[in-house]
Amino acid sequence: QVQLVESGGGLVQAGGSLRLSCAASGRTFSSYVMGWFRQAPGKEREFVARISTSGDSTYYSDSVKGRFTISRDNAKNTVYLQMNSLKPEDTAVYYCAARRGYVKEYTYWGQGTQVTVSS
């Protein structure tokens, strides 16, 4: 069982930056692939980024590539999402999620943190 708690959301002006954190419980954090997703009002949840168990491999959606950076600190059981050059269309509830490397579906989800980007 893994519990995930996001933090770091808030209100920021377009062009600004935020760093989201996701703290995980348990002693097996380093065995999970971690991902960030987001859901804007009236839209389906969409993939943002993911990072491998060791942190040496990352993957981003086209909409955030070059602006967002995912990282992890396995010693602190935490995954981060650094968001730069934010746009109003980045406004959404951001969720972190965890899955084992050998499955496709994310098993554990956090409660989400709101990010609002004003124009």
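In this predicted model, strand 4 and strand 5 pair in the antiparallel sense, with five bridges between them. An open sheet of four strands is also present, in the order 1-3-8-7.

- Strand 4 and strand 5 make a hairpin, and six residues lie between the two strands.
- In the turn of this hairpin, glycine 42 has a positive phi of about 75 degrees.
- Tryptophan 36 has alanine 49, in strand 5, as its bridge partner.
- Strand 5 also runs antiparallel to strand 6 (residues 58-60), to which three bridges join it.
- Across this second pairing, isoleucine 51 stands opposite threonine 58 of strand 6.
- Strand 5 and strand 6 form a hairpin as well, again with six residues between them.
- Here the turn contains glycine 55, whose phi is positive at about 90 degrees.

- Strands of a sheet pair through backbone hydrogen bonds, in either a parallel or an antiparallel manner.
- In the open sheet with the order 1-3-8-7, the pairing is antiparallel.
- Strand 1 (4-7) and strand 7 (68-73) each have a single partner strand and stand at the edges, so one side of each has no neighbour in the sheet.
- On average, neighbouring strands of this sheet are turned by 15 degrees against each other, with direction ignored.
- Strand 7 and strand 8 (residues 78-83) run antiparallel and are joined by six bridges.
- Serine 71 has tyrosine 80, in strand 8, as its bridge partner.

- In soluble globular proteins, nonpolar side chains tend to be buried together.

**The disulfide**

- A disulfide is a covalent bond between the sulfur atoms of two cysteines.
- One disulfide is found in a search of the whole structure.
- Cysteine 22 and cysteine 96 are both buried.

**Aromatic and charge-over-ring contacts**

- The whole structure contains six aromatic pairs.
- One of these pairs is formed by phenylalanine 37 and tryptophan 109; it is tilted, with 4.9 Å centre to centre and 55 degrees between the planes.
- This pair links distant parts of the chain, with phenylalanine 37 in strand 4 and tryptophan 109 in strand 10 (residues 108-109), 72 residues apart.
- Phenylalanine 37 counts as buried because its relative accessibility is 11%, under the 20% limit.
- Tryptophan 109, in contrast, is partly exposed, with a relative accessible area of 29%.
- A single aromatic cluster is made up of Phe37, Phe47, Tyr59, Tyr106 and Trp109.
- Tyrosine 106 has the charged end of arginine 99 over its ring, 5.2 Å from the ring centre.
- Arginine 72 lies over the face of phenylalanine 29, at 4.5 Å from the ring centre.

**Loop residues**

- Most residues other than glycine have a negative phi.
- Asparagine 77 has a positive phi, near 55 degrees, although it is a residue other than glycine.
- Asparagine 77 lies in the loop between strand 7 and strand 8 and counts as buried, at 18% relative accessibility.
- Serine 85, which is not a glycine either, has a positive phi of about 50 degrees.
- Serine 85 belongs to the loop between strand 8 and strand 9 and is partly exposed, with a relative accessible area of 41%.
- Glycine 112, in the loop between strand 10 and strand 11, is buried, with a relative accessible area of 15%.
- Between glycine 112 and proline 41 there are 71 residues of separation in sequence and 13 Å in space, C-alpha to C-alpha.

Methods
Residues are numbered from 1 along each chain as its sequence is written. This is a predicted model: local features need pLDDT of at least 70, side-chain atom pairs count only at pLDDT 80 or more; totals for chains, interfaces and linings use all residues. Side-chain values use heavy atoms; hydrogens and water are left out. Two strands pair if DSSP finds at least two bridges between them. Axes are lines fitted to C-alpha atoms, for helices over the stretch in contact, and angles run from 0 to 180 degrees between N-to-C directions. A disulfide is a pair of cysteine sulfur atoms within 2.5 Å. Buried means under 20% relative accessible area, exposed over 50%, partly exposed in between (1.4 Å probe, protein chains only). Rings of Phe, Tyr and Trp (its six-membered ring) pair if their centres lie within 6.5 Å; planes under 30 degrees apart count as stacked, over 60 as edge-to-face and the rest as tilted. A charge sits over a ring if NZ of Lys or CZ of Arg is within 6 Å of the ring centre and within 35 degrees of the ring normal.
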